[in-house]
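Hi,

Here is the structure I said I would pass on. Have a look at it first, and then read on for what turned up.

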Amino acid sequence: MFFIVSLHASFLGITAVEISIIVACYALLPVFVAVRMGKWTDKYGIRSMLMLGNGAYLVAVVMGTALPNFVTFVLQQSLIGIAIFEVKYWDFG
């Protein structure tokens, strides 16, 4: 999904540096919150964290379509990065 956001951002006139920041948020933010999410998973359980991850993904997708600008794209990609990390990390299926 991040490649679609970068193309859309380019179409909106966002600079290449800002697009790089948007794409970096997708990969970097999960690294910073991974330990905290592991502690939350121990405390609240896998099911709760999976529901939280899916909810965050849904909010991010709606947010990106409702308000397409640089700040929204940064928040969207940060949420998607965290949500994808959480869902993939605990998806044993």
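Where is the place of Asn69? Asn69 sits in the loop between H3 and H4. Keep in mind that this is a predicted model. With a relative accessibility of 38%, Asn69 counts as partly exposed, because that value falls between the 20% and 50% cut-offs. Asn69 and Gly13 are 56 residues apart along the chain, and their C-alpha atoms are separated by 9.7 Å. Asn69 is also one of the residues that Ile14 touches, along with Ala9, Ile19, Phe70 and Phe73, leaving aside residues up to four places away in sequence.

Now the overall layout. The protein chain has four helices and zero strands, so you can read the order from the N terminus as α-α-α-α. Of its 93 residues, 28% count as buried. If you take the contacts between residues at least 6 apart in sequence, 70% of them join residues at least 24 apart.

In soluble globular proteins, nonpolar side chains tend to be buried together. Here the largest nonpolar core has eight residues: Val5, Ala9, Ile14, Ile19, Ile22, Cys25, Phe73 and Val74. The elements that give two or more residues to this core are helix H1 (2-11), helix H2 (16-44) and helix H4 (70-90). H2 gives the most, with three residues.

H2 also packs against helix H3. Two packed helices are described by the angle between their axes and the distance between the axes. The axes of H2 and H3 (residues 46-66) come within 7 Å and cross at roughly 130°. That makes the two helices oblique to each other, because the angle lies between 115 and 145 degrees. On the H2 side, Met37, Trp40, Thr41 and Tyr44 take part, and they meet Ile46, Ser48 and Met49 in H3. The residues of this contact divide into five nonpolar, two polar and no charged.

Is Thr72 buried or exposed? Thr72 is buried, because its relative accessible area of 7% is under the 20% cut-off. A polar atom of the Thr72 side chain lies 3.0 Å from the backbone oxygen of Leu67. Not counting residues up to four places away in sequence, Thr72 touches Leu67, Met63 and Gly64.

Cheers

Note on methods
Residues numbered from 1 in each chain as written. Predicted model: local features only at pLDDT ≥ 70, side-chain atom pairs only at ≥ 80, totals over all residues. Heavy atoms only, no water. Core = buried A, V, L, I, M, F, W, Y, C linked by side-chain atoms within 4.5 Å. Buried < 20%, exposed > 50% of the residue type's maximum accessible area, 1.4 Å probe, protein only. Contact = heavy atoms within 4.5 Å. Polar contact = N/O pair within 3.5 Å; in protein donor to acceptor, adjacent residues only side chain to side chain. Axes fitted to C-alpha atoms, helices over the stretch in contact; angles between N-to-C directions. Parallel < 35°, antiparallel > 145°, perpendicular 65-115°, else oblique. Nonpolar A, V, L, I, M, F, W, Y, C, P; charged D, E, K, R; others polar.
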